Amino acid sequence: MGIDLGKTVCSLEGLDATGAVVYRKRLQRHRLLDFLEGLDPCIVAMEACGGAHHIGRFCLQHGHESRLMSPLYVRPYGNKNPLNFTLSEWQQAKRHGYDPREIKQFFRDAWERSDGLKGFRTALEDRGFHLAQGDRRGFVALDLQGKPYSISKWTGVRVKDLKAKLGDPTALPAVSKVEQNIRQRMADQVKTYIREVKSRHHEEMSPFVEARAAMIAAQRAERKHLKDKQDERWTQELKTRSDRLNKGLRGIFDRLTGKSAKIKQQNEREAVACAKRDQAQRDDLITAQINDRRDLQKSVRSVKAKHRQDRKLLAKTIADYLRRTPIDAEREKTASRSRKRSRGMDLSP
């Protein structure tokens with residue numbers, strides 16, 4: 001669930017495990033905590049600010065996983081960051097098995113370092129994307145699976161600027177023709193190689209996924225155990241403070257002499273000190289858990305960086321393979337057959 005925090009009204013958007021939007025709603029700021037308390041455990045993301053830290057601690061105490069994002073990665077109104085994503089872009093990349101950040105950055109880099117249609121097309125093909133003419137979007141790029149990506153959307157460039165640099169999109173082949181060409185030129189050996197790379201990446205990430213799930217369960221159990229112990233201790237301390245106040249005639253005498261007021265002030269000071277102590281214990285636990293998550297995320301980032309290099313090398317290899325013309329391929333087959341016939345004596349009549 002993503003929360004857009006406001007001074008008086010907060011906007012909420014809930015997604016399921018597949019990334020599809022389940023609900024959208026707006027709540028008054030003072031009703032947000034009551035809503036989170038009754039919500040099933042989930043991931044709660046929001047921009048890091050003064051009020052977000054209090055809400056983040058509240059989420060952790062009630063079984064949620066809190067994620068505070070730096071303002072650098074949050075799109076402000078009127079100043080759009082070209083590397084930010086829309087919901088449809090994120091879902092599209094995830095459905096096709098790509099990292100949305102990697103794809104967005106690649107399209108932006110390809111656009112910025114090219115000065116025309118030829119350079120932009122070459123940059124796309126180096127990463128396994130092929131430029132084509134879309135039905136309504138003008139310029140689209142097809143990946144090796146034949147899935148289209150809007151150039152305007154993924155580069156953050158207006159259609160007018162695209163046409164100024166790339167020219168008329170009607171000069172490009174249609175999507176169906178490019179898709180058919182990719183399908184014909186993709187050999188079974190290349191497809192097998194792609195599947196092997198994806199399978200290896202999945203196997204290398206599986207231990208981290210399992211470790212993350214185990215860490216989430218263990219940290220939730222630690223927070224619940226601490227909360228139960230603190231509630232139990234708070235009940236005992238509350239009873240101790242309550243027993244200091246006499247009842248009946250002795251209580252009336254204490255109120256008349258002012259002793260009861262002094263005991264109440266002492267109880268209030270102790271209650272505040274106990275509340276601060278409990279909050280400090282929760283903060284220490286959360287800080288330790290955040291450090292554990294950072295250590296795991298550091299390992300995951302190193303593996304993902306290696307996977308990005310593997311995908312880049314794979315796309316480059318496939319691009320070089322697809323650039324070979326059918327004539328060159330047929331010539332290599334003919335030369336291979338002639339080399340096989342030239343070995344040994346020819347006993348044919």
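Is aspartate 161 buried, partly exposed or exposed? At 31% relative accessibility, aspartate 161 counts as partly exposed, where buried means under 20% relative accessible area, exposed means over 50%, and partly exposed lies in between (1.4 Å probe, protein chains only). This is a predicted model, in which local features need pLDDT of at least 70 and side-chain atom pairs count only at pLDDT 80 or more, while totals for chains, interfaces and linings use all residues. Residues are numbered from 1 along each chain as its sequence is written, and side-chain values use heavy atoms, with hydrogens and water left out.

**Salt bridges**

- The structure holds 19 salt bridges, a salt bridge being a side-chain nitrogen of Lys or Arg within 4 Å of a carboxyl oxygen of Asp or Glu.
- Aspartate 161 takes part in one of them with arginine 158, the closest N and O atoms being 3.4 Å apart, and arginine 158 counts as exposed because its relative accessibility is 56%.
- Lysine 306 forms a salt bridge with glutamate 204, with 3.8 Å between the closest N and O atoms.
- That pair links distant parts of the chain, since lysine 306 is in helix H11 (residues 259-323) and glutamate 204 is in helix H9, 102 residues apart; helices here are DSSP runs (H or I, at least four residues) numbered from the N terminus.
- Lysine 306 is partly exposed, with a relative accessible area of 40%, and glutamate 204 is also partly exposed, at 27% relative accessibility.
- Arginine 233 and aspartate 278 form a further salt bridge, in which the closest N and O atoms are 2.6 Å apart.
- Because arginine 233 lies in helix H9 and aspartate 278 in helix H11, this pair ties together parts that are 45 residues apart in sequence.
- Arginine 233 is partly exposed, with a relative accessible area of 26%, whereas aspartate 278 is buried, with a relative accessible area of 5%.
- A network of salt bridges links Arg200, Glu204, Lys306 and Asp310.

- Histidine 201 has its place in helix H9 (residues 188-243), and it counts as buried because its relative accessibility is 8%.
- Leaving aside neighbours within four places in sequence, histidine 201 is in contact (heavy atoms within 4.5 Å) with His307, Asp310 and Arg311.

**Aromatic rings**

- There are eight aromatic pairs, counted when rings of Phe, Tyr and Trp (its six-membered ring) have centres within 6.5 Å, with planes under 30 degrees apart taken as stacked, over 60 as edge-to-face and the rest as tilted.
- The rings of phenylalanine 106 and phenylalanine 107 have centres 5.2 Å apart and planes at 55°, so this pair is tilted, and both residues are buried.
- Ring pairs join Phe106, Phe107, Phe129, Tyr149 and Trp154 into a cluster.
- Lysine 165 lies over the face of tryptophan 111, at 4.0 Å from the ring centre, where a charge sits over a ring if NZ of Lys or CZ of Arg is within 6 Å of the ring centre and within 35 degrees of the ring normal.
- Lysine 25 lies over the face of tyrosine 23, at 5.6 Å from the ring centre.

**Nonpolar surface patch**

- Leu249, Ile252 and Leu256 make a nonpolar surface patch of about 370 Å², a patch being made of residues with over 30% relative accessible area and no salt bridge, in which like charges are joined within 9 Å and nonpolar side chains (Val, Leu, Ile, Met, Phe, Trp, Tyr) within 5 Å.
- Accessible areas come from the Shrake-Rupley method with a 1.4 Å probe, and for residues only the protein chains shown count as cover.
- Leucine 256 is found in helix H10 (residues 248-257) and counts as exposed, at 71% relative accessibility.

How values were computed. Helix = DSSP H or I, 4+ residues; strand = E, 2+ residues; numbered from the N terminus.
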